[in-house]
Amino acid sequence: MKTLSLKAAFSIATAVTAFGLGTAAHAIDELVINGEEKLVTETAAPAHLENMSTIRSGWTFRTDETKSLQMDDFDNPGMIFVDKAIDAWNTAEGAAEKACADCHSGPESMKGLRAKLPKWNEDAGEVWTMEMYVNDCRTNRMEAEAWDWNSADMRNMTALIGLQSRGMPMDVAIDGPAQSTWEKGKEIYYTRYGQLELACANCHEDNYDNYIRADHLSMGMTNGFPVYRLKQADLVSQHNRFRGCIRDTRAETFGMGSPEFIALELYVASRGNGLSVETPAVRN
């Protein structure tokens with residue numbers, strides 16, 4: 001376990017004392033989608049994870065009411081945005097007058113992609129996220145304008161593409177040319193930020209299953225992103241969530257799509273290797 005600074009320890013201890021310790025009792029302990037597909041929400045930690053022997057999906061930390069929303073696609077509010085992305089998938093745009101469907105057929109052709117991302121792009125010479133692949137298609141093949149990283153169009157499309165891999169195990173590569181980016185992401189994960197001097201690890205590794213403020217702390221796994229967040233009544237991207245966490249430490253945050261957040265995305269994704277892709281997941 002990492003040693004907290006006195007200020008960080010006091011901050012967490014105060015919050016935990018105020019809102020309680022431990023895990024609430026839940027009646028729902030298996031994530032089965034539409035009564036058919038059972039997803040892995042708890043498994044052995046990947047070998048590169050030093051301080052944990054077991055990893056759990058964020059789904060396991062939610063209330064039964066929130067859990068149940070993800071178990072039926074008719075109840076999952078994130079599916080509304082997936083439907084919007086299907087329309088975009090089939091709509092021609094740009095000077096080339098091409099749609100996603102012109103090159104890739106149906107969205108099902110994207111099966112397996114979400115489970116491998118982020119990954120090293122040999123041609124670009126850097127690690128790419130799904131957003132980067134989407135915008136590469138838009139600008140180079142469709143000759144259309146790139147989407148903003150956190151735009152509704154981008155979040156909807158990444159949800160549609162991610163859905164095609166739902167149920168597949170996360171399997172992000174961290175060796176070879178991606179290793180240096182992964183190491184940078186790991187460094188960020190364990191670095192304390194802001195006036196509260198908190199690192200990602202202080203909440204999601206040292207204090208998961210405790211309550212801070214009114215939230216039941218999870219392990220911070222990203223296998224369900226983009227997620228439908230009830231608090232925001234909208235799909236939320238990984239980088240948007242990273243930004244919110246760092247902002248909550250009262251620090252200046254990195255930008256969405258920045259090299260820092262791309263590195264952090266790679267590292268955090270690798271922490272969830274073995275968990276099922278849940279996109280679009282439902283969270284508080």
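Tutor: Gladly; we will take helices, cores and a few single residues in turn.

Tutor: This is a predicted model, in which local features need pLDDT of at least 70 and side-chain atom pairs count only at pLDDT 80 or more, while totals for chains, interfaces and linings use all residues. Residues are numbered from 1 along each chain as its sequence is written, and side-chain values use heavy atoms, with hydrogens and water left out.

Student: Which residues of helix H8 are buried?

Tutor: Helices here are DSSP runs of H or I with at least four residues, strands are runs of E with at least two, and both are numbered from the N terminus. Buried means under 20% relative accessible area, exposed over 50%, and partly exposed in between, with a 1.4 Å probe and protein chains only. In H8 (residues 179–189), the buried ones are Thr181, Trp182, Gly185, Lys186, Ile188 and Tyr189.

Student: Where do they sit around the axis of H8?

Tutor: An α-helix has 3.6 residues a turn, so residues three or four places apart point the same way. Viewed down the axis of H8, the buried residues fall within an arc of 160° and so line one face of the helix; the arc is that of the directions from the helix axis to the C-beta atoms. They pack against strand E6 (126–128), helix H9 (200–204) and H11.

Student: Which residues of H3 are buried?

Tutor: In H3 they are Met79, Phe81, Val82, Ala85 and Trp89. These cover an arc of only 145° around the axis, which puts them on the same side of H3. The face turned away from that buried side carries the exposed residues Ile80 and Asp87. Among the elements covering the buried residues of H3 are H4, H7, strand E9 (227–229) and strand E10 (234–236).

Student: At what angle do H10 and H11 cross?

Tutor: Axes are lines fitted to C-alpha atoms, for helices over the stretch in contact, and angles run from 0 to 180 degrees between N-to-C directions. The axes of H10 (residues 238–248) and H11 (residues 259–271) cross at roughly 100° and come within 10 Å. That makes H10 roughly perpendicular to H11, a label for angles of 65 to 115 degrees. Contact means heavy atoms within 4.5 Å. Here H10 brings Gln238, His239, Phe242, Arg243 and Ile246, and H11 brings Phe261, Ile262, Leu264, Glu265 and Val268.

Student: How many residues are in the largest nonpolar core?

Tutor: In soluble globular proteins, nonpolar side chains tend to be buried together. A nonpolar core is a set of buried Ala, Val, Leu, Ile, Met, Phe, Trp, Tyr and Cys residues joined through side-chain atoms within 4.5 Å. The largest has 33 residues, and Ile55 and Leu264 have the most contacts inside it. E6, H8, H10 and H11 each supply at least two residues of this core, and the largest share, seven residues, comes from H11. Leaving aside neighbours within four places in sequence, Leu264 is in contact with Gly185, Ile188, Tyr189, Cys200 and Phe242.

Student: Is Thr129 buried or exposed?

Tutor: Thr129 has 0% relative accessibility, so Thr129 counts as buried. Its place is in the loop between E6 and helix H6 (130–141). Not counting residues up to four places away in sequence, Thr129 touches Pro118, Trp149, Ile262 and Glu265.

How values were computed. Parallel < 35°, antiparallel > 145°, perpendicular 65-115°, else oblique.
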